[in-house]
Amino acid sequence: MDLGLKGKRALVCASSKGLGLGCAEALAAEGVDLVMNARGPDALEAQADRLRAEHGVEVQTVACDVTTPEGQAQVIEAAQGVDILVTNAGGPPPGLWSDWDREDFIKALDANMLTPIAFMKALLPSMMDKGWGRVVNITSQSVRAPISVLGLSNAARTGLTGYVAGTARQVAPYGVTINNLLPGIHATDRADSLDAGVSAQKGISLDEARAERAATIPARRYGTRLEFGATCAFLCSQHAGFIVGQNILLDGGATNLTM
């Protein structure tokens, strides 16, 4: 299927590894030029070089912390006029409700709610002027079914989801869609971190912790960044213009919901 994306330009945040990289890979494979962002310059440049070589696309890199005003300004300047925005940020640390103070919530909100909103505010107007644009926010399955130890993520990402629900309907008449992808457990560094915590807590090996978690997923495995990226690319495609303000789970069936 031709996704109709060749020649488009996308900003993909946190795209040096994990789910962000999966999205960048899938878009590059469709001929999309990229602005890639991450904190670590070495990994970012390595992946950018690979995508240039494999797909012949233009890739601009911006290594910075996008939760800071300075970092946001750098990325927004580089991304002026993009057709596609993919927001993404690592989740806050797990813990108990009694562990978190105001500063912990502020950090979570900055990373997982306020930064994506800042990018949308900066980049949506040019998409609306052109009459075409796509925004995909990578959030979490926890916005549909909260995960008790991820209270910071539950709060921040649900706040972003509420913002998108209203905003998506306001920009849709201009040919711009905003949707959210809600990953469950995928084979990423984030999963490794969570599994390491379970391993330490229960006194079991990392492989045993992974097997234990995989057994709770109806698909009996973790997701991959490649299949996640393919879903992102479809949401960005010419075929997805009638999908507006949706929260799409990619969790192997782990979230037990009727609707």
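Tutor: What follows is a walk through the sheet, then the helices laid against it and the loops beside it.

This is a predicted model, in which local features need a pLDDT of at least 70 and side-chain atom pairs count only at pLDDT 80 or more, while totals for chains, interfaces and linings use all residues. Residues are numbered from 1 along each chain as its sequence is written, and side-chain values use heavy atoms, with hydrogens and water left out.

Let's begin with the sheet. It is open and has 7 strands, in the order S3-S2-S1-S4-S5-S6-S7, with parallel pairing. Strands (E, at least two residues) and helices (H or I, at least four) are DSSP runs numbered from the N terminus, and two strands pair if DSSP finds at least two bridges between them. At the edges are strand S3 (59-63) and strand S7 (247-250), each of which pairs on one side only. On average, neighbouring strands of this sheet are turned by 15° against each other, direction ignored. Axes here are lines fitted to C-alpha atoms (for helices, over the stretch in contact), and angles run from 0 to 180 degrees between N-to-C directions.

Strand S2 (residues 33-38) runs parallel to S3 and is joined to it by 5 bridges. In one of these pairings, leucine 34 has valine 59 of S3 as its bridge partner. Helix H2 (residues 41-55) lies across S2 and S3, running at about 175° to S3.

Another helix covers other strands. Helix H4 (residues 102-130) lies across strand S1 (9-12), strand S4 (84-87), strand S5 (133-138) and strand S6 (176-183), and runs at about 165° to S5. H4 also packs with helix H3 (residues 69-78), at an angle of about 35° and with the axes 11 Å apart. The contact (heavy atoms within 4.5 Å) is made by Gln72, Val75 and Ile76 of H3 and by Thr115, Ala118, Phe119, Ala122 and Leu123 of H4.

Phenylalanine 105 belongs to the structure's 1 aromatic pair. Tryptophan 100 counts as buried because its relative accessible area is 13%, whereas phenylalanine 105, at 33%, is partly exposed. The cut-offs are under 20% for buried and over 50% for exposed, with partly exposed in between (1.4 Å probe, protein chains only).

Serine 16 is buried because its relative accessible area is 11%. Setting aside neighbours within four places in sequence, serine 16 is in contact with Leu21, Asn37, Ala38, Ala43, Leu44 and Gln47. Alanine 14 also lies in the loop between S1 and H1. Although alanine 14 is not a glycine, it has a positive phi of about 45°. With a relative accessibility of 24%, alanine 14 is partly exposed.

Glycine 184 is in the loop between S6 and helix H6 (189-202). Its relative accessible area of 13% is why glycine 184 counts as buried. Apart from residues up to four places away in sequence, glycine 184 touches Gln141, Leu250 and Asp251.

Our last stop is the loop between helix H7 (206-214) and helix H8 (225-235), where glycine 223 is placed. Glycine 223 is buried, with 10% relative accessibility, and touches Ile185, His186 and Ala187 when residues up to four places away in sequence are not counted. Its C-alpha atom is separated by 27 Å from that of threonine 61, 162 residues apart along the chain. Arginine 220 is also found in the loop between H7 and H8. Arginine 220 is exposed, with a relative accessible area of 56%, and has a positive phi of about 60° without being a glycine.

Key: Rings of Phe, Tyr and Trp (its six-membered ring) pair if their centres lie within 6.5 Å; planes under 30 degrees apart count as stacked, over 60 as edge-to-face and the rest as tilted.
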